[in-house]
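This report examines selected features of one model. The sequence and structure are shown first.

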Protein chains: 2
Amino acid sequence: MPSSGAVRLRSRVDKFEDRRRELADAALLALAELGYARTSLRTIADHTEFSHGLLHYYFADKSDLITYCVQRYKDACVQRYEGLVAEASTPAELAVACGDGLAATLADAPLLHRLWYDLRAQSLFEEAFRADVAEIDGRLQDMIWRLVLAYADITGTEPTCTPSAAYAMFDGLFQQALQRHLAGAESALDDLRDGCRDLLPRLFV
Amino acid sequence: MPSSGAVRLRSRVDKFEDRRRELADAALLALAELGYARTSLRTIADHTEFSHGLLHYYFADKSDLITYCVQRYKDACVQRYEGLVAEASTPAELAVACGDGLAATLADAPLLHRLWYDLRAQSLFEEAFRADVAEIDGRLQDMIWRLVLAYADITGTEPTCTPSAAYAMFDGLFQQALQRHLAGAESALDDLRDGCRDLLPRLFV
DNA sequence: AGGAAATCTTGACAAGCGTCCAAGATCAGG
DNA sequence: CCTGATCTTGGACGCTTGTCAAGATTTCCT
C-alpha cells in the first residue's frame, strides 16, 4: 500500500526533525546560560537525556548545530514579537505599546536576547553564522519598520529616516537596556519604555 | 645615592610596564583578528617575538591579560575620539562633523571596534570583564553627551533625552554600520554619516 | 517472531587549551 | 670578570575539545 509507505516515511522524517528540534532547544538553553565561547558539545548533551555522541548523529558538526539553533531562536523570536503592533488607535497609544512590547520581550527572556547579541558578535568573525544572523536582523528590521509605518498611517505623516536606521536606533536602546537589566539596574526596563516611546515620534521630524 | 636608587627602581618598573604594554598591543592585534573565542595564549605569543611562557611572567592569567588589553583599547579609543567635537560654529556643521567623525573612526580601525563589541558581549557572560566594559561605555557615553551639549549650546535649546538614551542610539547606528561595513556594504559609511547627521537634531524635539 | 534498519552509547583519538616550572640566557653592579 | 637578579625559553602537566567508529539497543515491517 503506497499511501502507508508514504505515511511511514513521513513519520520517520518527522521523527528525525523532531529530535533535531529537541536537541537544538536543549542546546539553546545551554548557550543562553553559558554563551557561545563556553558551551561545548558535551555541555549541550548534559542538558539532554542523551549522550554527547548522539549530537553527531543529528548534526554534521558543531557549526551545523549552532546554525540550526540560531534558526530556532529566530522562529521563537519572531513569534514572540508578532502582535507587538496590535490595535492602537492613537499615536500616543502606539508609541506606548511599542515601548511596553519591547520591554516585555526583554523581561520575558533576557538570556535568549543575550545569546542573540553574543551570536551576532560571533558572526562578525565566523563566516558560517553570517547569513543566518543577517536574515534575523532583516526580520527584526521589518518588524520595526511595520511599527513605524503604522505610526505614519495613524498620524498621516511620512517617516524621515531609512528602515535600517530606525532599526539600528531601536536596537541600540534595546541592547543597552538588556545590558543594564542583566547588571541589575532597576530602571532599565522603564528607561527602555521611555526611550522607545520618545524615539518613535522623533523619526518623523 | 638615594636618588639614583629611585631612578633605577623606576626604570625597572617602567621596563616591566613597557613590556606589558607591548605584549598587550600584540594581543590586541590577535584578538582583533580572531575574536575572543578563537584567540589562545599561544596565538597571542605568535604575534610577538617571544614564547608563550613569557605571558605568564607579565600577566597572572589569561583573564588578567584580556582585562589589561581592554583597558589599552579604551585609551586608544578615547584618544581617537578626542577632538571629534572640534570647532564647529553652526548646528549643521556640528551635525555633519559628528557623522564624519564617527564614520572616520569606523573606517580607521574596524577590527578594533569589532573586538569591542565582541568583548562587550562577552562581559554579559563573564563577570571579570564587566567593570572595565562599563567604564569604557561610560566614557563613550560622556563623549556623545558632550557632543549633544555642544549642539544645545549653539542652538540655545535643551536636549529632550537622557545621556544614556543618546549614547544607545548613536551606538546602535555605529554598530550596524560596522556590521555592514565588514560585510562589504559600500554604503555603510555614508549611511552612518547620514544617520548621525539626522539623529542629532532629533534629540531636541 | 525474526531480521533489517534506525537510533543511541561508549570509549577512544589527536589536537589544543591554560598553567606551571626548571633551566638557560641576558643584563646590571661591584 | 664575576655574581646575582632579571628575563626568557621550551617542554611537560592535566584537562577539555570536536570528531569518529564500533557496538549495543530499540523500532518497525513482513
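## Confidence in the model

The structure is a predicted model. Chain A has an average pLDDT of 91, and 92% of its residues score at least 70. Where pLDDT is low, the predicted coordinates should not be read in detail.

## Helix H7 of chain B

Helix H7 of chain B comprises 29 residues, 127–155. Just after H7(B), B:Gly156 adopts a positive phi of about 70 degrees.

The buried residues within H7(B) are B:Phe129, B:Val133, B:Ile136, B:Asp137, B:Gln141, B:Ile144, B:Leu147, B:Val148 and B:Tyr151. An α-helix has 3.6 residues a turn, so residues three or four places apart point the same way. The packing partners of the buried residues of H7(B) are helices H4 (62–81), H5 (91–108), H6 (110–122), H8 (163–182) and H9 (188–202) of chain B.

## Surface near DNA strand C

DNA strand C is surrounded by 20 residues, of which A:Phe50, A:Ser51, A:Gly53, B:Ser40 and B:Asp61 are the closest. Two or more residues of this surface come from each of helix H1 (2–34) of chain A and helix H2 (41–46) of chain B. H1(A) contributes the most, with 4 residues.

By residue class, the surface near DNA strand C consists of 5 nonpolar, 8 polar and 7 charged residues.

Notes: Residues are numbered from 1 along each chain as its sequence is written. Chains are lettered from A and ligands numbered from 1 in the order in which they are written. This is a predicted model: local features need pLDDT of at least 70, side-chain atom pairs count only at pLDDT 80 or more; totals for chains, interfaces and linings use all residues. The expected span of a helix is 1.5 Å times one less than its number of residues. A residue is buried if 20 or more other C-beta atoms lie within 10 Å of its own, exposed if 12 or fewer, and partly exposed in between; C-beta atoms are placed from the backbone. Two residues are in contact if their C-beta atoms, placed from the backbone, lie within 7 Å. A residue is near a molecule or strand if its C-beta atom, placed from the backbone, lies within 6 Å of it. Ala, Val, Leu, Ile, Met, Phe, Trp, Tyr, Cys and Pro count as nonpolar, Asp, Glu, Lys and Arg as charged, and the others, Gly among them, as polar. pLDDT is the predictor's confidence in each residue, from 0 to 100.
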